[in-house]
Amino acid sequence: MKLSILGIPLFFAALGLTTATLGGGAVIAQQNVCQANPSPVDPSDPSIIVTSPTAGTSVTSPIPVEGQARVFEATVSIKLMDANGVLVDTTTNASEGQVLSPFSTNVAFSVTSSISACLWVFEVSAKDGSPTNVVQIPLTLKPAGLPSTGMGGPSDVTRWPAEFLALVGFGLVGSALLARRLRASFH
């Protein structure tokens with residue numbers, strides 16, 4: 001993370017937050033829901049490779065989850081979590097279990113406002129049922145009806161607060177001018 005004027009991103013990082021820039025340069029903080037990975041994939045011989053979605057992407061429901069996996073009984077486990085816990089817990093199948101094989105599914109969710117989330121794609125250990133070979137992907141979940149940017153950066157949707165404030169400002173100025181005219185007409 002880059003240092004910035006006043007050290008704002010550095011401050012947010014110290015709190016376990018990430019930052020996103022809104023239109024007009026405003027900085028907002030987002031909770032980093034992905035925590036320490038309990039069992040990451042071996043980078044030299046990964047059992048699971050996720051090609052979609054990519055880290056930092058803003059998504060609407062359903063999320064297309066795609067990649068390749070070499071997992072026990074070809075079962076790919078998927079969890080979608082926010083700061084309060086698990087939103088979705090599901091599985092899909094790779095085309096084979098013994099070699100890296102394609103998998104693809106759509107993960108549906110429902111939220112009422114934009115929230116930070118973490119998508120886990122993993123294998124359940126045949127030995128003890130614990131998650132192994134975990135791939136973590138930080139995401140921003142958006143309510144239905146809002147466009148998905150697919151780029152992970154700010155979209156027109158993230159600029160609405162500035163546009164809303166501008167409209168409110170115009171409304172206040174118009175109200176002040178109207179009140180001034182009314183006062184002048186009564187005097």
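## Close-up views of a predicted model

View 1. Pro102 belongs to strand β8, which covers residues 101-107, in what is a predicted model. With a relative accessibility of 52%, Pro102 counts as exposed, because the cut-off for that word is over 50%. Leaving out residues up to four places away in sequence, Pro102 touches Gly67, Gln68, Asn93, Ala94 and Ser95. Glu66 stands 36 residues from Pro102 along the sequence, yet their C-alpha atoms are 7.5 Å apart in space.

**View 2. The largest nonpolar core.** This core has 24 residues, and those that touch the most other members are Ile63, Leu80 and Leu141. At least two residues come from each of the strands β3 (48-52), β5 (63-69), β6 (75-82), β8, β9 (115-124) and β10 (131-141), and β10 gives the most, with 4 residues. When neighbours within four places in sequence are set aside, the contacts of Ile63 include Leu80, Leu139 and Leu141, as well as Pro53, Thr105 and Phe109. In soluble globular proteins, nonpolar side chains tend to be buried together.

View 3. The structure holds 1 disulfide, which joins Cys34 to Cys118 with an S to S distance of 2.0 Å. This pair links distant parts of the chain, since Cys34 sits in the loop between β2 (27-31) and β3 while Cys118 lies in strand β9, 84 residues apart. Both Cys34 and Cys118 are buried. The torsion about their S-S bond is about 105°, so the disulfide between Cys34 and Cys118 is right-handed.

Conventions
Residues numbered from 1 in each chain as written. Predicted model: local features only at pLDDT ≥ 70, side-chain atom pairs only at ≥ 80, totals over all residues. Heavy atoms only, no water. Buried < 20%, exposed > 50% of the residue type's maximum accessible area, 1.4 Å probe, protein only. Contact = heavy atoms within 4.5 Å. Core = buried A, V, L, I, M, F, W, Y, C linked by side-chain atoms within 4.5 Å. Disulfide = S-S within 2.5 Å.
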